[in-house]
Amino acid sequence: MAPSTPVVTKPSPTQEGVNWKPVLLGITVFLVAIFSLAPILWQLLTSIKTNADISRIPNVYFPREFTLEHYIQLFDRRPFLRYVLNSAFVAIVSTLLCLGLGSPAAYALARLRLKGEQLILGLVLIVTLFPYILLFLGLLEIVQILGLGNNYLALIIPYTAINLPLTILVMRSFFQQLPRDLEDAAKVDGYNTVQMLWQIVLPTTIPALVTTGILAFIFAWNEFIFALTFMTRETMKTIPVAAAQIGGATLFEIPYGPIAAATVLGTLPLVLLVLFFQRKIVQGLTAGAVKG
Amino acid sequence: MAKLEVTHLNKTYSPKIVPVKDLSLAVEDGEFLTLLGPSGCGKSTTLRLIAGLEQPTRGEVLIGSKNVTHRSAGDRNIAMVFQSYALYPHMTVFENIASGLKLRKTPVGEIQQRVAEASRVLDLDGLMQRKPSKLSGGQRQRVALGRALVRKPDVFLLDEPLSNLDALLREQVRAELKQLFQSQNTPVVYVTHDQTEAMTLSTKVAVLYKGDLQQLDSPQRIYSHPANQFVAGFIGSPQMNLLTLPCENSHALLGEARVPLPQVTEPQPAGQIVLGIRPEHLQVGKQPDCTAVRGQVFLIENLGMSDLVSMHVQNSELTLRALIANTTLKAGDELVLSLPPQQLHWFDIETRSRIPVQPETVAH
Ligand SMILES: Nc1ncnc2c1ncn2[C@@H]1O[C@H](COP(=O)(O)OP(=O)(O)OP(=O)(O)O)[C@@H](O)[C@H]1O
Ligand SMILES: [Mg+2]
């Protein structure tokens, strides 16, 4: 520092007592975290408590003893791995279909000046507003007529259809804010349309694809009604249905432990997925394309 | 190498939106043409038509006397620098600059060599492996230039490449651009709404207004012989004084002063004429051979080098603005300004076009 610089005294926390801002922030964050994470924590703890601890009165909040018994039971008594794979397959395929069909449609709606664009958008919007439960009976008949019961397609097709409108709307607004100059620069550079879409537009679109993909995936992974009705064979069931159908040895025993374990196992893939892609979502690859 | 020509270019988006009406231009090798005009006058549209990013409604684009009107942008061998730079965000600086060459299947060795050369000229060494998001505005701008330079195109197109830089950097890059393109010997078309850029960089300036070409001339002539009242008012800062004056016999009346009309002038039908004089050409005090105008100062603006003095002309509603160096004038003072006859511009009150003054040189 130059000697002539006047000494600036910053008000430091020690001089003026406690600086309240970070303290308040910390408390608030803690409360919000407790509020939203407590049920999950409770399930997690239940899934590793012994049966004795689960049924003890007063409640045991933080157990001393831990057991993996419930998890082992889950895989012993039922084809639980199979359920996970079913869920994963259905969710992944419908998500990919959704992105594969929705993104080109969104790009066309954002970039080409189509006749009746407003009409198409209106229709898409209406579909998102439509409660999907209302489709249920109609779909059931269709599934019966086509003989699609106990077939992955019976879930993949409706999941894709339900997620498609949201995908189109989100991706369209993303494409709209993508600078047009980028595509023009690619054209001047000599990219043809396919190369431009594949090598320039697609890579810059990844954050949006991941975000919408995760939303679609979560929906497909958690969906219950369709999965319950269209899949009756044991080997075709998905996780939410299987978890709900875990029963005890007698009518009066509620198997809290295994249910909690199933819930944890069912949620874990989603948590991992979001954590894994979080950086990509936040990163926003378009940063730096144009002068910020 | 390749001359760029556009003939009777027209772009009609809808009957109401016609950003380019009927434009014909030619840019030779080594010429630097600037399209200058206010916002929305169709500069970018013209550039995009030349680039092939838009199809003209009518008219043709010729590069090296080949008609390229119906070729795609990638087939025209042009390079374009965008206002937003439009760097590919997922590629490194090297990949950004090399992408056009790679697509044209240029041998790897040559790509390396050309990129290295551009990087030396633009001082990009050391940035080659960075992503655009890790660059400053000025560096991004240079990468965008580099992407254009390595292509060795037949025509360079630049759309307001400096408008995102801060004032100081803009001046510096402007000088660099000038040197850079002087060494290229390729037609350059440059779009800007900044007249300083247009005046300093160009060999030729095309002033556009509402889709029409107002004047196509050297920067010097655009300044000294504006073709009409719009160009006169648009070029030059501070703006030219433009006064609508009544005529009497062979004189125009400016307050009590009588300004002799140019000799060729036919009697003005409406009895009025527009007189233009630049603030920097007005002189203080009564000068020989000049018409003198008396008035009262009401505003003084300090521009650094000199002061911009505004005065009410005596016995009229008109005001005159003059650039005067280190003045001690203050508001309310009396002032006499002289109008040198060779610095006067006359415009027709109806057509708004320039009335030539004899003897006026027609050539450049
Ligand atoms: N795709 C389009 N569809 C309809 N009108 C358009 C389109 N592109 C441009 N225009 C209109 O054409 C006119 C000229 O636009 P242009 O971009 O050429 O202006 P400009 O001279 O570059 O202005 P600026 O200095 O603000 O960049 C504007 O009125 C604009 O609204
Ligand atoms: Mg523009």
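Across the interface of domain 1 and domain 2 of chain B there are zero salt bridges, a salt bridge being a side-chain nitrogen of Lys or Arg within 4 Å of a carboxyl oxygen of Asp or Glu. Before going further, note that this is a predicted model, in which local features need pLDDT of at least 70 and side-chain atom pairs count only at pLDDT 80 or more, while totals for chains, interfaces and linings use all residues. Residues are numbered from 1 along each chain as its sequence is written, chains are lettered from A in the order in which they are written, and side-chain values use heavy atoms, with hydrogens and water left out.

Let us stay with chain B for a moment. Domain 1 covers 4–230 and domain 2 covers 231–347; these bounds come from an automatic or database domain assignment. Taken over C-alpha atoms, the two centres are 39 Å apart. Where the domains touch, 17 residues of domain 1 are in contact with 15 residues of domain 2, contact meaning heavy atoms within 4.5 Å. About 1,300 Å² is buried between them, 65% of it from carbon and sulfur atoms; buried area is the accessible area (1.4 Å probe) that two parts lose on being put together, summed over both. B:Gln195, B:Tyr223 and B:Gln229 supply 49% of the area that domain 1 buries against domain 2, more than any other three residues.

Now to the meeting of the two chains. Here 23 residues from chain A and 27 residues from chain B take part in the contact, and the chains bury about 2,100 Å² between them, 60% of it on carbon and sulfur atoms. Two salt bridges are counted between chain A and chain B. B:Arg151 forms a salt bridge with A:Asp189, with the closest N and O atoms 3.4 Å apart. On the side of chain A that touches chain B, the elements giving two or more residues are helix H8 (180–189) and helix H9 (193–222); helices are DSSP runs (H or I, at least four residues), numbered from the N terminus. H8(A) gives the largest share, eight residues.

Finally, look along chain A itself. An unreviewed UniProt entry places the feature "transmembrane region" at several stretches of chain A, including 119–140 and 196–221; such annotations may be inferred rather than shown by experiment. In the model, residues 119–140 of chain A are 73% helix and 0% strand, with end C-alpha atoms 29 Å apart. Residues 196–221 of chain A are 100% helix and 0% strand, and their end C-alpha atoms lie 33 Å apart.
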